[in-house]
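Thank you for making the time this morning. I would like to take you through one model, chain by chain, and then turn to where the chains meet.

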Amino acid sequence: MEISDGSVRILAALLEARTGQQLAHARHWRIEAALRPLMAELQAVSMDALISKIVSGENARLSDRAIDALLNHETFFFRDIASFRLLDTQGLERIRVAREATRRLRIWSAGCSTGQEVYTLAMLIADQRERWRGWSIDIVGTDLSAQAIERAREGRYSQFEIQRGLPVVQMLRRFDQIEREWQVSDDLRAMVSFRTHNLLSSPPPGMFDVVLCRNVLLYFSAEVRGLVFGRIASAMPEDGVLMLGAGETVMGHTDHFVSDYECRGLYRKRIHAPLRPPVECAAR
Amino acid sequence: MMKTCLVVDDSKVIRKVARHILETLEFTVTEAGDGQEALDRCRADSPDVVLLDWNMPVMSGIEFLRALGQEALDHRPKVIFCTTENGIAHIRAAIDAGADEYVMKPFDRETLESKFQLVGVA
């Protein structure tokens, strides 16, 4: 099945306009695989015919579904486990000490896809009940894809999904086997909430002590990435903790964050040094 | 230094697939066709990790695991079950017998890599 360069350009423009994500040349191979189910459902005779239907506006939901199919929902439990160990022992611990008076912790997983990262965070907390006893903890997962959020809320994973990154002991402790699928336990589901959210066009869904935005920003242009970093910074207090994907960094992408000197691998907001007073004032 | 993995499976095809994945993860790979042969390899080679099938002739995976627990080895390898036995009762039995991790077939490279990370050999 062939897709013309023109159709690729149309899809790329649609994706970028709605989500800020760029359809890099290296991802072009995914287009046909991603849209083939939609093409079959609509009985389109070719990929180009499908793109024509999408842009014709005859079905307003069609472009949403095409965009959803093009998004990369790749995620798994405890992805880059060393990073989660670091977050647990350093980042969360720093916040725990700093918030001892209020005992309130808010965590945002931005771009949480089908929820594995959010449930990973819930497991980190649930495994240490004594450490977090008496705390009010919100773990909020957001994603652009309504379909992904629906699956995240459901908390049911295939055999293939459940064993990617999840320690078997956690699987036995926190999930129930239902035929060939695995359902996250009610107590873990009660710790989390999910909502659809567009990082590009909507303000952050509140203020958060810890923000995870992992393997999301790499799909944005430099300009959009800078904008999103700014949005995330506006949702965090000065001592908040930012966690990116294992291969990602803030360096060269934003002035809002710096590497956490106490905890390499995590990031914190840049505290701008107060401007020096004019020389004549300083001299007085 | 490269880590060593002993692949224990009575299927040559599965051993070949596992070897291919493990070599891309930079493991040195040895093979055994049943639990008894695996036990001999553990005594001789001291692998870092064992990727273990359940149903095999001569000595099954679970029998191997119990026998391994009785061995006076200087270095006990990590053991990851890798099997089509996907029911919760089998998984619990494997963990109770001393398995460090559990992979349900079919699996892919990322799943295997994540399990090796979990047991500390990747």
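Before anything else, one definition: when I speak of two residues being in contact, I mean that their C-beta atoms, placed from the backbone, lie within 7 Å. Please also keep in mind throughout that what you see is a predicted model.

With that cut-off in hand, let me begin with chain B, where, among contacts between residues at least 6 apart in sequence, 61% join residues at least 24 apart. The secondary structure of this chain consists of five helices and five strands, and, read from the N terminus, these elements follow the order β-α-β-α-β-α-β-α-β-α. As for overall dimensions, the C-alpha atoms of chain B occupy a box of roughly 35 × 30 × 25 Å along the principal axes. The radius of gyration of chain B is 13 Å, which agrees with the value near 14 Å that a compact globule of 122 residues would have. Of those 122 residues in chain B, 40% are buried.

Let me stay with chain B and look at one pair of helices. Helix α2 of chain B, residues 35-45, packs against helix α3 of chain B, residues 61-70, at an angle of about 30°, and their axes are 9 Å apart; the crossing of α2(B) past α3(B) is right-handed. On the α2(B) side the contact is made by B:Gly35, B:Ala38, B:Leu39 and B:Cys42, and on the α3(B) side by B:Gly61, B:Glu63, B:Phe64, B:Ala67 and B:Leu68. Sorted by class, this helix contact comprises six nonpolar, two polar and one charged residues.

Which peptide bond in this chain is cis? The one that joins B:Lys105 and B:Pro106, with omega about 0°, and B:Pro106 sits in the loop between β5 (101-104) and α5 (109-118) of chain B.

Turning now to chain A, the domain assignment gives domain 1, covering 5-70, and domain 2, covering 81-269. The centres of these two domains of chain A, taken over C-alpha atoms, are separated by 29 Å. Their contact draws five residues from domain 1 of chain A and eight residues from domain 2 of chain A, and the side contributed by domain 1 of chain A has no nonpolar, four polar and one charged residues.

Two backbone details in chain A deserve a moment. As background, most residues other than glycine have a negative phi. A:Asp80, however, is not a glycine and has a positive phi of about 60°; it is found in the loop between α4 (60-70) and α5 (81-98) of chain A.

Finally, where do the chains meet? Eleven residues of chain A are in contact with 14 residues of chain B. On the chain A side, the largest share, three residues, is supplied by helix α9 of chain A, residues 168-174, and by class that side has six nonpolar, four polar and one charged residues.

Key:
Residues are numbered from 1 along each chain as its sequence is written. Chains are lettered from A and ligands numbered from 1 in the order in which they are written. This is a predicted model: local features need pLDDT of at least 70, side-chain atom pairs count only at pLDDT 80 or more; totals for chains, interfaces and linings use all residues. Helices (H or I, at least four residues) and strands (E, at least two) are DSSP runs, numbered from the N terminus. Ala, Val, Leu, Ile, Met, Phe, Trp, Tyr, Cys and Pro count as nonpolar, Asp, Glu, Lys and Arg as charged, and the others, Gly among them, as polar. Axes are lines fitted to C-alpha atoms, for helices over the stretch in contact, and angles run from 0 to 180 degrees between N-to-C directions. A crossing is left-handed if the near helix is turned anticlockwise from the far one by less than a right angle, and right-handed if clockwise. Domain bounds come from an automatic or database domain assignment. The radius of gyration is taken over C-alpha atoms; the globule rule is 2.2 Å times the number of residues to the power 0.38. A residue is buried if 20 or more other C-beta atoms lie within 10 Å of its own, exposed if 12 or fewer, and partly exposed in between; C-beta atoms are placed from the backbone.
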